[in-house]
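This briefing covers selected residues and helix pairs of one structure. The points are grouped by topic and meant to be read beside the coordinates.

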Amino acid sequence: MLVSLLITPVMIKFAGWVKATDKPDFRKVHTAPIPTLGGLAIFVSFLIGVLILQPAGDYHVAILTGAFVIVGLGFFDDIFNLAAKTKFITQLAVALFVVYWGGLQMEFINLPFGGEIEFGFFSSIVTILWIVGVTNAINLIDGLDGLAAGVSSIALLTLAVMAVIMGNVYVATMAFILFFSTSGFLRYNFFPAKIFMGDTGALFLGYMIGVLALLGFKNVTVISFIIPIFILGVPITDTLIAMIRRFINKQPLSSPDSAHLHHRLIRAGFTHKQTVLFIYALSAMFCISAILFSMTTVWGSIVIFSITLLTMQVLIENLEMINSDYKPLTNFVKLLRQRP
C-alpha cells in the first residue's frame, strides 16, 4: 500500500508525458481528459509485495507470466486503443497458456447430496472461459471514478478472508498483496479521480481475481462453486446483462454502450459519488453472501441464493438495464394484485 501511495503520483506525471489520457465521449461521465495507466502503479506495487513475501505455489510462474502479458496488453491498449479482436485473442492466449502450460484446470465439482460431476474434456474450456470472462467483467465496470478499484478491493479482501478460512496460504497471500496495492491506488482514483487505472489495471485485476478465485475454489462442491461467482457478483451480472441486452438489440457483443449498471444509476438520479458507493454496497452484499455460503447448510445456501437473485432482478427491472419492456417480476406482482 505504501509503495502504491508513493508511485501513483509518479504515474500521473508519466501518463501526461506519454499523452496517455482518457478523453470524454458519450459513454463517459468525466468532462476533461484524465491521466490513465494507473494500473502500472498497482502492478509495480504488487510485484514488490511478491518479491518481499515470495509466495510459493504450483502455478506461481504461469500466473505471473500471464500477468506480465496482460499488463502489456492493457498498456498498449491505453496508448494505441487496440482493436477488440486483438485484445480478445491475447486474453485467450494467456488463458490457454495458464491452463495448458501452467496446468491450472477445474476438473470436477462434488454434488451436495453425493456424487460428483467430472468436466473431463470440458475442464479446459470451463477454465479458459472463466479466466477470459472475469478479465473482461472487471474491465466493463471500469466506468466511474474508483468503481473498478473499489469493487476489486472488496472482492480481493473477501477472497483473502475465504482463503484464510480454507487454509490456502498462497491464495491468501496473493489476494492480500493485490488488495493493498489496489487500496493505495484508490486514494488517487476515488471521486474526483486524479488518475484512471485504464485497461492496464482493469485487465490485470480481472485476470488475477479470476485466477485466484479459481485456485481457491476449484474441485469443490456445487454450493462452494457458487462462492467465487458471488464474490464477483456485480461485474459478472453487469457483463451477462450487457450480453443479453446487445443480443436482443442485435448489436455485436463487443460493442460499447451506455446502459451498464453505473450508467443507469446516474440516469435514475444518483450522483457520481452516490453511484459508486451504492455499487460498493452491492458488492459487499454479494461478498457477505459468499462468506455465509461457506458457513451454512445446503438449504440455507439456497435461501441466500434466492434472496440475492430476487434483489438483483428487482434492480435490473427498475433500472431497465435490458430494456423498458423486460419486467417479468413486476408484471407478475401486478397480476397478483389484480386477482380478486
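Gly216 lies in helix α8, which covers residues 198–217. The model is a predicted one.

- Gly216 has 13% relative accessibility, and because the cut-off for buried is under 20%, Gly216 counts as buried.
- Apart from residues up to four places away in sequence, Gly216 touches Met166, Asn168 and Val171.
- Between Gly216 and Arg267 there are 38 Å in space, C-alpha to C-alpha, for a separation of 51 residues in sequence.

- Helix α7 runs over residues 169–189, and its 21 residues should span 30 Å at 1.5 Å a residue.
- Of the 21 residues of α7, 17 are buried, so the helix is largely enclosed by the rest of the structure.
- With neighbours within four places in sequence set aside, Thr182 is in contact with Ile42, Ala149, Ser153, Leu156 and Leu205.

**Packing of α1 and α2**
- Helix α1 (residues 2–17) packs with helix α2 (residues 39–53) at an angle of about 145°, and their axes are 8 Å apart.
- The crossing in which α1 passes α2 is right-handed.
- On the α1 side the contact is made by Val3, Ser4, Ile7, Thr8, Met11 and Phe14, and on the α2 side by Leu40, Ala41, Val44, Ser45 and Ile48.
- Sorted by class, the contact of α1 with α2 has eight nonpolar and three polar residues, with no charged residues.

**Packing of α12 and α13**
- Helix α12 (residues 272–293) and helix α13 (residues 298–318) have axes that come within 9 Å and cross at roughly 165°.
- Angles over 145 degrees count as roughly antiparallel, and α12 and α13 are therefore roughly antiparallel to each other.
- α12 and α13 form a left-handed crossing.
- The α12 residues making the contact are Phe278, Leu282, Met285, Phe286, Ser289, Leu292 and Phe293.
- The α13 residues making the contact are Ser301, Ile304, Phe305, Thr308, Thr311, Met312 and Leu315.
- By class, 10 nonpolar and four polar residues make up the contact of α12 with α13, and no charged residues take part.

Key: Residues numbered from 1 in each chain as written. Predicted model: local features only at pLDDT ≥ 70, side-chain atom pairs only at ≥ 80, totals over all residues. Heavy atoms only, no water. Axes fitted to C-alpha atoms, helices over the stretch in contact; angles between N-to-C directions. Helix = DSSP H or I, 4+ residues; strand = E, 2+ residues; numbered from the N terminus. Left-handed = near helix turned anticlockwise from the far one by under 90°. Contact = heavy atoms within 4.5 Å. Nonpolar A, V, L, I, M, F, W, Y, C, P; charged D, E, K, R; others polar. Parallel < 35°, antiparallel > 145°, perpendicular 65-115°, else oblique. Expected span 1.5 Å × (residues − 1). Buried < 20%, exposed > 50% of the residue type's maximum accessible area, 1.4 Å probe, protein only.
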